[in-house]
Amino acid sequence: MSNPMPADRTEIADSLRLPVLRVALVEDHEIVAVGFAELLRQYADIDVVTVAATVRELDFVAAPVDLVVLDLRLGDGSSATDNIRQLASAGIDVLILTAAEDPQAIRDAAKAGVLGIVRKSQPVDELVEAIRAAASGETVAGLDWAAAIDGDAGLADAGLSAREQEILALYASGEKAQSVAYLTGLSKSTVANYVSRIRAKYANAGRPAHTKVDLHRRAAEDGLIGGDLPARRQ
């Protein structure tokens, strides 16, 4: 499958003060792949640098990317889990694109550490926003992600200790690390270590928490805090 012709986006993005997000698509249906690339050419801050039918065809040395948008099912016999782990080992974030026909495959993808799951039937604006978020390292927590968590009790449980739950509840509610340290009687560095372990546990459970907003979502999902985002502290 041929790559899309590169567009001169840097100058346009610079004029709009937007970072150019480099995206690779792995999709083995050519009509879908071509349509995807053409669609995203409308957005100056997104550059589809590579379109491939398999993960094996990607060359991140020749064409570095910020994100791989990966079809959940490919015709080469590879599993989504293996593809995701292969990309993760190369330090590449993944957003799954799916028709959502296989709930178990979606759960497996969530466990493997993708940043999000979006349906091919979603409106274009939602797809573009999901790509922007994921390419910036943010988790895209949509309905299919929530369904994957609800459908797998093991996925929902990050295995946090009581102390980790306490620290997460404070930190995710908007407290700064120094405030959490004061409230718990710990040092600031110890709190930071706890937060790192909490992030790692959620990642291992297939529920990445790269940002503080992500930690808030995880804490809300687990009933540790309310669901509304906290007000920004001055």
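## The Glu-166 and Arg-163 pair

In this predicted model, Glu-166 and Arg-163 form a salt bridge whose closest N and O atoms are 2.7 Å apart. Both residues belong to helix H8, where they are three residues apart and so separated by about one helical turn. An α-helix has 3.6 residues a turn, so residues three or four places apart point the same way.

Glu-166 is partly exposed at 33% relative accessibility, and Arg-163 is partly exposed at 28%.

## Helix H8 and its surroundings

Helix H8 covers residues 162-172, and its buried residues are Glu-164, Ile-167, Leu-168, Ala-169, Tyr-171 and Ala-172. These buried residues pack against three helices: H9 (177-184), H10 (188-204) and H11 (212-221). After H8 comes Gly-174, which has a positive phi, near 115 degrees.

Glu-164 also takes part in a salt bridge, with Lys-201, at an N to O distance of 2.8 Å. This pair joins distant parts of the chain, since Glu-164 is in helix H8 and Lys-201 is in helix H10, 37 residues apart.

## Charges over rings

Tyr-171, one of the buried residues of H8, has the charged end of Lys-212 over its ring, 4.2 Å from the ring centre.

## The Glu-27 and Lys-120 pair

The salt bridges in the model number 11. One of them joins the side chains of Glu-27 and Lys-120, with 3.2 Å from N to O.

Glu-27 is buried, with a relative accessible area of 0%. Lys-120, in contrast, is partly exposed at 35% relative accessibility. The pair is part of a network of salt bridges that links Glu-27, Asp-71 and Lys-120.

Leu-87 is located in helix H3, which spans residues 80-89. The relative accessibility of Leu-87 is 1%, so the residue counts as buried.

What does Leu-87 contact when its neighbours within four places in sequence are left aside? The contacts are Val-55, Leu-58, Phe-60, Val-68, Ile-92 and Val-94. For Val-55, the separation from Leu-87 is 32 residues in sequence, and the C-alpha to C-alpha distance is 8.0 Å.

How values were computed: Residues are numbered from 1 along each chain as its sequence is written. This is a predicted model: local features need pLDDT of at least 70, side-chain atom pairs count only at pLDDT 80 or more; totals for chains, interfaces and linings use all residues. Side-chain values use heavy atoms; hydrogens and water are left out. Buried means under 20% relative accessible area, exposed over 50%, partly exposed in between (1.4 Å probe, protein chains only). Helices (H or I, at least four residues) and strands (E, at least two) are DSSP runs, numbered from the N terminus. Contact means heavy atoms within 4.5 Å. A salt bridge is a side-chain nitrogen of Lys or Arg within 4 Å of a carboxyl oxygen of Asp or Glu. A charge sits over a ring if NZ of Lys or CZ of Arg is within 6 Å of the ring centre and within 35 degrees of the ring normal.
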